Every structure is written in C-alpha cells, then in structure tokens.
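Thanks for making time this morning; I would like to take you through one protein model, going from the backbone to the charges and then to the overall dimensions. Please keep the structure in view while I talk.

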Amino acid sequence: MLNNSLPSPFLRTRRGDRFRVTMENELPEALILHWHGMTPPEKMDGHPHLAVPEGSKYEYDFTVENRASTYWYHSHSHYRVGKHAYLGVAGMLIVDDDEADALQLPSGEYEIPLVLQDRRVDPSGAIVPYADPDTMEGMIGNEPFGNGVHRPQLEVETAIYRFRVLNGSNARIFRLARSDNKDLIIIGNDGGLLERPAKVDYVDISPGERVDLLVDLRNATVGDTVLLGSRAFMISNSLAKEEQIQRQGHPM
Ligand SMILES: [Cu+2]
C-alpha cells in the first residue's frame with residue numbers, strides 16, 4: 001500500500017492541471033508507478049525500466065492532457081505488478097473536465113469510487129500471502145474487497161448513485177449485476193463518458209478495466225439491501241487453455 005492506505009490514496013485532478021507526485025519507495029524491492037490510461041511524457045509514464053530501488057524517490061511532473069475519465073495507477077515493477085496490486089499498491093485516479101462537469105452527474109456523497117479486488121482468504125479469515133502464479137493469469141482470490149474492505153457496505157438514500165468501479169484484481173473478471181435484477185446504467189468506461197448511456201442487466205469487467213455506472217435506487221424500499229455482486233459465469237475456453245499451457249509449458 002502507499003501512504004498506509006488500502007487501496008492506495010484516491011487521487012483526483014483536472015484536464016489542463018499540473019500533476020506533481022513524489023514517490024518514495026520504502027519497499028524492499030524496486031518500484032515505479034504507472035498512470036494507467038493516461039498519456040503523459042514517456043519519462044512520467046512509469047515504464048518498468050524507470051523503477052527505483054528501496055530508499056529512492058521518483059518525481060512525477062506533467063500536465064494532464066487526457067479527458068475526464070476514471071483512470072488508475074499501479075506498480076509497474078517488472079514481474080511484480082500482480083503482487084503489488086494484490087498488496088494494494090494500486091489506486092484510483094479521476095480526471096475531471098468542463099465537458100463532464102456540464103452534465104451535472106451525481107457527485108459528492110452520491111459519487112462512489114470503488115476499487116474492486118479479490119484476495120484469497122483462509123478459513124480463519126486471514127489473507128493468504130501472494131504466491132507467484134505459474135501462468136500469466138495472476139492469483140485468483142476467493143473473496144471480494146471494495147476499497148480494501150472485505151464485503152463492504154454503504155448506507156444509501158433513495159437516490160441515483162454514480163459508482164466508478166475499477167477492477168484492480170490481478171486475475172479475476174467480475175460480472176457485475178444488482179441482486180434485485182434491476183438494470184445498471186453504463187455512462188462511461190476506460191475511455192471516459194460514453195456518447196449516450198446504456199442500460200444493461202450486467203457488465204463484465206476484467207483486470208485493469210473501469211466502468212462508470214449509475215445505480216438508480218430511487219424506487220428502492222427503505223430498509224432493503226441491494227447487493228452489487230458478481231454473477232457466476234464460465235469462460236468457455238479457459239479449461240482448454242490451461243491444458244494447452246500444461247502441454248506446452250509457460251505461454252511466454
Ligand atoms: Cu496498467
């Protein structure tokens with residue numbers, strides 16, 4: 001984690017603003033941060049070859065040129081991206097701009113940044129340490145965490161909420177849906193706000209992806225619980241792929 005925060009601190013900036021961050025690496029291994037989805041100059045983009053050793057700093061300083069969207073940042077240390085994300089060295093980075101502000105979407109307490117991650121929890125409730133996986137698919141957890149909290153809950157009003165969801169897991173795909181089977185309204189994705197909203201009964205979100213959702217709770221009954229959960233689904237070729245890896249060795 002960064003700054004003792006799990007997930008790493010929530011950052012918010014504006015198109016046209018100067019973005020300055022000092023990263024101090026206190027990990028016992030090399031670290032560099034990458035601003036996922038943004039397009040800063042190459043030296044500011046956290047390429048793995050820029051990683052600095054324990055005890056060193058890296059200064060980021062660039063002008064935000066990207067449009068309003070939900071971005072994220074995470075470790076880009078070679079061979080350590082999955083492990084660092086699992087440990088919480090990953091966070092949300094929101095960019096605002098005039099175009100998005102003009103839409104007057106739900107904001108303040110009605111705008112919920114949600115970093116979804118899965119972790120493996122043993123029967124005693126302890127988090128299982130990250131183990132380097134054999135394949136490129138990372139470590140799959142068995143329990144969901146939102147903003148670092150195991151199965152988090154939120155007291156809501158009968159209102160429309162904007163959920164900015166990031167899948168910060170290193171292998172898990174979520175199929176997000178409401179437990180009351182009402183529609184989710186997608187207003188944005190990795191590229192920012194969509195041209196028009198799309199009503200869906202579920203949305204798939206794979207590691208690194210973001211989805212900007214409106215969750216309409218105006219007709220919810222006071223006292224009820226609505227779960228934003230992940231529906232079960234099959235990835236049809238995953239078994240075939242696993243067999244292929246076992247036959248041919250590591251795909252890289
Ligand atoms: Cu990334």
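Predicted model: local features only at pLDDT ≥ 70, side-chain atom pairs only at ≥ 80, totals over all residues.

Tyr-79 sits in the loop that runs between strand 5, residues 69-75, and helix 1, residues 81-87. The backbone at Tyr-79 has a phi near 65°, which is a positive value in a residue other than glycine. Is this residue, Tyr-79, buried or exposed? With a relative accessible area of 69%, Tyr-79 is exposed.

Asn-3 also has a positive phi, of about 55°, although this residue is not a glycine. Asn-3 belongs to the segment before strand 1, and its relative accessibility of 70% means that it counts as exposed. Leu-2 is placed in the segment before strand 1 as well, but Leu-2 is buried, because its relative accessible area is 16% and the cut-off for buried is under 20%. If you look for Asn-25, you will find that its C-alpha lies 9.2 Å from that of Leu-2, while the two residues are 23 apart in sequence.

Staying with this segment, which peptide bond here is cis? The bond from Leu-6 to Pro-7 is the cis one, with omega near -5°, and Pro-7 is again found in the segment before strand 1, the strand that covers residues 11-14.

Let me turn to the charged side chains. The count of salt bridges in the model comes to 20, and I will pick out a few of them. In one, the side chains of Arg-67 and Glu-99 meet at 4.0 Å, taken from N to O. This pair links distant parts of the chain, since Arg-67 is in the loop between strand 4 and strand 5 and Glu-99 is in helix 2, residues 98-101, with 32 residues separating the partners.

Another salt bridge is formed by Glu-143 with Arg-151, where the closest N and O atoms are 2.8 Å apart. Here Arg-151 is exposed, at a relative accessible area of 53%.

A further salt bridge joins the side chains of Arg-210 and Asp-190, at 3.7 Å from N to O. Why can we say that this pair ties together separate parts of the chain? Arg-210 lies in strand 15, residues 210-216, and Asp-190 in the loop between strand 12, residues 184-189, and strand 13, residues 192-200, so the two joined parts are 20 residues apart in sequence. At 3% relative accessibility Arg-210 counts as buried, while Asp-190 is partly exposed, with a relative accessible area of 30%. Salt bridges can also share partners, and in this way Arg-12, Asp-96, Glu-111 and Arg-164 are joined into one network.

There is also a grouping of like charges to point out. On the surface, Glu-24, Glu-26, Glu-54 and Glu-59 gather in a patch of negative charge. Of these, Glu-54 lies in the loop between strand 3, residues 33-36, and strand 4, residues 57-63.

Glu-109 counts as exposed, given its relative accessibility of 58%. Between Glu-109 and Ser-179 there are 22 Å, C-alpha to C-alpha, and the two are 70 residues apart in sequence.

Finally, the molecule as a whole. How many helices and strands does the protein have? Its secondary structure comes to three helices and 16 strands. The C-alpha atoms fill a box of roughly 50 × 45 × 35 Å when the axes are the principal ones, and 41% of the 252 residues count as buried. For the radius of gyration there is a simple expectation to set beside the model: a compact globule of 252 residues would have a value near 18 Å, and the protein has 19 Å, which agrees.

That is where I will stop, and I am happy to take questions.

Definitions and conventions: Residues numbered from 1 in each chain as written. Heavy atoms only, no water. Patch = residues over 30% accessible without salt bridge, like charges linked within 9 Å, V, L, I, M, F, W, Y side chains within 5 Å. Areas by Shrake-Rupley, 256 points an atom, 1.4 Å probe, with all protein chains shown as cover. Lys, Arg positive; Asp, Glu negative; His and termini not counted. Charge placed at Lys NZ, Arg CZ, Asp CG, Glu CD. Helix = DSSP H or I, 4+ residues; strand = E, 2+ residues; numbered from the N terminus. Rg over C-alpha atoms; globule rule 2.2 N^0.38 Å. Buried < 20%, exposed > 50% of the residue type's maximum accessible area, 1.4 Å probe, protein only.
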